[in-house]
Amino acid sequence: MLLIQNAHLIDPASRTDGIRDILIEGEKIRKIGEHIAPEEAGDAASLTVLNAEGLTAVPGLVDAHVHFRDPGFTYKEDIESGAQAAAAGGVTTVVLMANTKPCVDNAEILRYVLEKGANTPIHVETCANVTLGMKGKELVDMKGLHAAGAVGFTDDGIPLLSEETARAAMEAAAAEGVPISFHEENPAFIQNNGINAGKASAHFGIGGSDRQAEIDMVRRDVRLAEETGACVVIQHISTKEAVELVRQAKEKGADVHAEATPHHFTLTEEAAIRFGTLAKMNPPLREEADRQAILEGLADGTIDMIATDHAPHSAEEKSRPVTEAPSGIIGLETSLALGVSELVDTGRLSLMQLMERMSLAPARLYGLDAGYVAEGGPADLVLFDPAEAWTPQRFSSRSQNSPFLGQTLKGRIHATICRGRVVYGSC
């Protein structure tokens, strides 16, 4: 058993905001109160007491957009190393993307991912693909894959270009009652992906990714969402126009949701100029007006979730020329700190709202028993100091591709608890 005393509990489900003691027994929270005496635990010999004075306790983070590269690209990351990185970042539940090799378009690969994930210290869920082989043509067996444990569907990494296929996919996902997520980049508007068409592409002397690539596909998919009634997620939103399209769709009653990544609400294309391939990602970092629109979308609820799009790549891959290096950065270990620094400390969101975007909302979207702190609920918690500065020198992830490496951040995690066990930090 574990007794956490004197923690500042922030729970977005109950709206609790105050000093509380939390008694954990097994994988569940047994009691929450203003004062819990160690004697109440009953078994003193098995009790560990943690004085969390000065620390904030929040639900374990739920990251609904993560790449662990397993199977197929485990030199970048595997499920075990990814889980370690998640725990170091306060993430106790991840939803994996399906663009592995082989991809998760069948029950065998789905079972491999889930069984391997079950042996990690955190909760590992996964999406399955929308189309067979991620080829954008023939739909997977959504009913069968959902029954086998897939919590959603996505061909993330590749846009679904056919409107006919996108509509059929939405209808099939709606029939299963699960989210379907879309990577919104129309290649017709892209010369070189990962770099914004504008100041950044001009700096590198290349053609880049025009903002219309995202706008065009988001416009189509929010319309299809309204027509089909599907629960549609717009992944890693990057443009002010796409944010407005999602806002309008929500106002019309469409079941549309959107993710924002920490890098898109923190950085602009100036970072691509400064950091080169370490700040190359799909969709690319865009202009300050886009960043501001994402901040506004997070504040007014247009953007429901913060998800990292944790995308590991090797140092060798990222050392290639900008037109050849793969897109993506890791983000699990810096997401909470960037949320505190860029959203809470600037007054955009309260800490309560941040926890809703980073834990409760994604858990509810995917139907997961996570994202809240309550008696009888899962003992998945993070203890951190929102004001404490720290500087990451090396990440737990197998890959280190992040422009935030060596940067001083605020919001240091002291302990991550999952299933009632300390999986990062110490008591």
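Trainee: Hi! Is Asn193 buried, exposed or partly exposed?

Mentor: Asn193 is partly exposed, since its relative accessible area is 26% and buried would mean under 20%. Keep in mind that this is a predicted model.

Trainee: Thanks! Where is Asn193 found?

Mentor: Look in the loop between strand 10 (180-182) and helix 5 (199-204).

Trainee: And what does Asn193 touch, not counting residues up to four places away in sequence?

Mentor: Its contacts there are Glu185, Ser209, Lys280, Asn282, Pro284 and Ser327. With Glu185 there is a polar contact between the two side chains, at 3.4 Å. Asn282 is 89 residues from Asn193 along the chain, yet their C-alpha atoms are separated by 6.7 Å.

Trainee: New topic: the largest nonpolar core. Which of its residues touch the most other members?

Mentor: That core has 73 residues, and the ones touching the most other members are Val94, Phe153, Ile180, Ile237, Leu336 and Leu354. A second, separate core has 17 residues, including Ala7, Leu9, Leu50 and Val373.

Trainee: Why do nonpolar side chains end up together?

Mentor: In soluble globular proteins, nonpolar side chains tend to be buried together.

Trainee: Let's go back to Val94. Which residues is Val94 in contact with, leaving aside neighbours within four places in sequence?

Mentor: Val94 is in contact with Asp63, Val66, Phe68, Ala86, Ile122, His123, Val124, Glu125 and Leu332.

Trainee: What about Met134, what is its phi?

Mentor: Met134 has a positive phi of about 55°, although it is not a glycine. Met134 lies in the loop between strand 8 (123-126) and helix 3 (142-147).

Trainee: Does Met134 count as buried or exposed?

Mentor: Met134 counts as buried because its relative accessibility is 10%, and the cut-off for buried is under 20%.

Trainee: And how about Arg419, where does that residue lie?

Mentor: Arg419 is in the loop between strand 15 (409-418) and strand 16 (421-425). Arg419 is not a glycine either, and its phi is positive, about 55°. At 23% relative accessibility, Arg419 counts as partly exposed.

Note on methods: Residues are numbered from 1 along each chain as its sequence is written. This is a predicted model: local features need pLDDT of at least 70, side-chain atom pairs count only at pLDDT 80 or more; totals for chains, interfaces and linings use all residues. Side-chain values use heavy atoms; hydrogens and water are left out. A nonpolar core is a set of buried Ala, Val, Leu, Ile, Met, Phe, Trp, Tyr and Cys residues joined through side-chain atoms within 4.5 Å. Buried means under 20% relative accessible area, exposed over 50%, partly exposed in between (1.4 Å probe, protein chains only). Contact means heavy atoms within 4.5 Å. Helices (H or I, at least four residues) and strands (E, at least two) are DSSP runs, numbered from the N terminus. A polar contact is a pair of N or O atoms within 3.5 Å; within protein, one must be able to donate a hydrogen and the other to accept it, and residues adjacent in sequence count only if both atoms are side-chain atoms.
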